[in-house]
Amino acid sequence: MSRIITTAVYHLGTVMHRHRTVIQTIQWCVVAIYLFLLIVPSFLPLPPRQEHILGNLVLFAQFVFWGIWWPFVILSMLFIGRIWCGVFCPEGALAEFTSRTVGRNKSIPRWLKWRGWPTVAFILTTLYGQLISVYDYAEAALLILGGSTLAAMAIGFFFGKGTRVWCRYLCPVNGVFNLLSRLAPISFKTDQEKWAHYCGGRQENPNCPPMINIHQLHGVNACHMCARCAGFRDAVALKPRSVMEEVVVYGEDKNASPWETRLLLFGMIGVAIGAFTWTVSPWFVTFKQAIAEWLVDHNIFWPLDPTAPWWVLTNHPANNDSFNWVDGFCVASYILGSGLLFGTFLTLMLWAIASLMRSQTLFHHLAQAFLPLAAAGLFLGLTATTVKLLMYDGITFWWLPYARAFILALTALWSLYLAARILQRTPASLIRKYLGFFLFAVSCVPIVYAWWLMFWGW
Ligand code: SF4
């Protein structure tokens, strides 16, 4: 059985390599659909309340972008790695096309390679998206997604020759995809033996879009799985692997960037919880009321008027949906506060475990054990929009609470199992390992509790 899977996965890699034209055709089809659904709805009127997804282009585009695209791209990272980036992503295709055809091929400046960009970009984009209600309005989607696409093309125009500099260093979801794809059961790998003993003559280096050192390839985290290097020197191939391998075996990187851990703890867990829960949180309402009452008591009324334009704060009076300055302040404080609270708590817990185990590398290594729980949060949070839109269309999901509980329980167990495997590899005594595991399990509780509050508690 395992040989059949290995062969099938290997052939998938070589088929993708041989059929570049098909992949390019798919990419341009996705680009056309993406641009159509992004641009056209933003010039159409708001849909009437009784409209259905299939009967109104604005609702249809909203459903495609936020109900299908984002949640299932997140999910695809866990099953097929970053094939989305290498085969389907319209932004990457446009950035690479711009770079290859009209690019100035300037060398990449140091500031652009700063490892903190994916974290900062993810947090700011998530926050801005909530402030202008990106899930609900086509203009907001055009501003955020279209702006990102234009920026990707501009970076492609200046830097790199036929590569994807934007995707590698600046894309707001690059860091998220990079982390999530570590759990994928397939990856391109280079066989070092075959590479060293290759005697098939000189081969031109494949043009790797994210500029990876193919010689050292052992995982999918930065690899876009475009398959251009499949079969190179008879050493590179798509291979199946354990979903634990990259985190447990390769996760102990002494040169790991602290930014990846910050993105995971503060962004993908903390900020994501804040961004998905503020609309249902009674704490948010209490916070907002307290500020509003204080302002009224002090005769300060201007922050209570929705005077900001829609591209600063949601402002759609026709839909009876406008944020005043207090709303904007509370949304930003809640989301960033949640990021800070969860991030700090998890950082302290990991730091305590690493100190207990007397290991300097354990902090970043063990942090990756939170990946399944972080993935579940992103998927469940994003599919809340999918469910909301389908419910407006009259579709009901009696099984939804069970499915959500199952996903949360499964990923919590997966996280615990990863933590156990990582702790097992440390040279610490058994007692310390058990204590470390206990502390890790305690760290998972607030994350699960936050999602429980969102879906059941509130
Ligand atoms: S290493 Fe580069 S060329 Fe090879 S599959 Fe990954 S992204 Fe494509």
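How many residue pairs are in polar contact between domain 1 and domain 2? The views below start with that count and then move on to other parts of this predicted model. Residues are numbered from 1 along each chain as its sequence is written, and side-chain values rest on heavy atoms, with hydrogens and water left out. Local features need pLDDT of at least 70 and side-chain atom pairs count only at pLDDT 80 or more, while totals for chains, interfaces and linings use all residues.

**View 1. Polar contacts between domain 1 and domain 2.** There are 11 residue pairs in polar contact here, both residues at pLDDT 80 or more. (A polar contact is a pair of N or O atoms within 3.5 Å; within protein, one must be able to donate a hydrogen and the other to accept it, and residues adjacent in sequence count only if both atoms are side-chain atoms.) On the side of domain 1 that touches domain 2, α3 (57-80) gives the largest share, 10 residues. Helices are DSSP runs of H or I with at least four residues, strands are runs of E with at least two, and both are numbered from the N terminus.

**View 2. The two domains together.** Domain 1 spans 2-181 and domain 2 spans 258-457, with bounds from an automatic or database domain assignment. Their C-alpha centres lie 23 Å apart. In contact (heavy atoms within 4.5 Å) are 40 residues of domain 1 and 38 residues of domain 2. The domains bury about 3,600 Å² between them, 73% of it on carbon and sulfur atoms; this is the accessible area (1.4 Å probe) that two parts lose on being put together, summed over both.

**View 3. A salt bridge between D136 and K388.** The side chains of D136 and K388 meet at 3.4 Å, N to O. (A salt bridge is a side-chain nitrogen of Lys or Arg within 4 Å of a carboxyl oxygen of Asp or Glu.) The rule finds one salt bridge across the interface of domain 1 and domain 2.

**View 4. A salt bridge between R228 and E96.** Here the side chains meet at 2.9 Å, N to O. R228 sits in the loop between α10 (192-196) and β2 (236-240), and E96 in helix α5 (residues 90-102), 132 residues apart.
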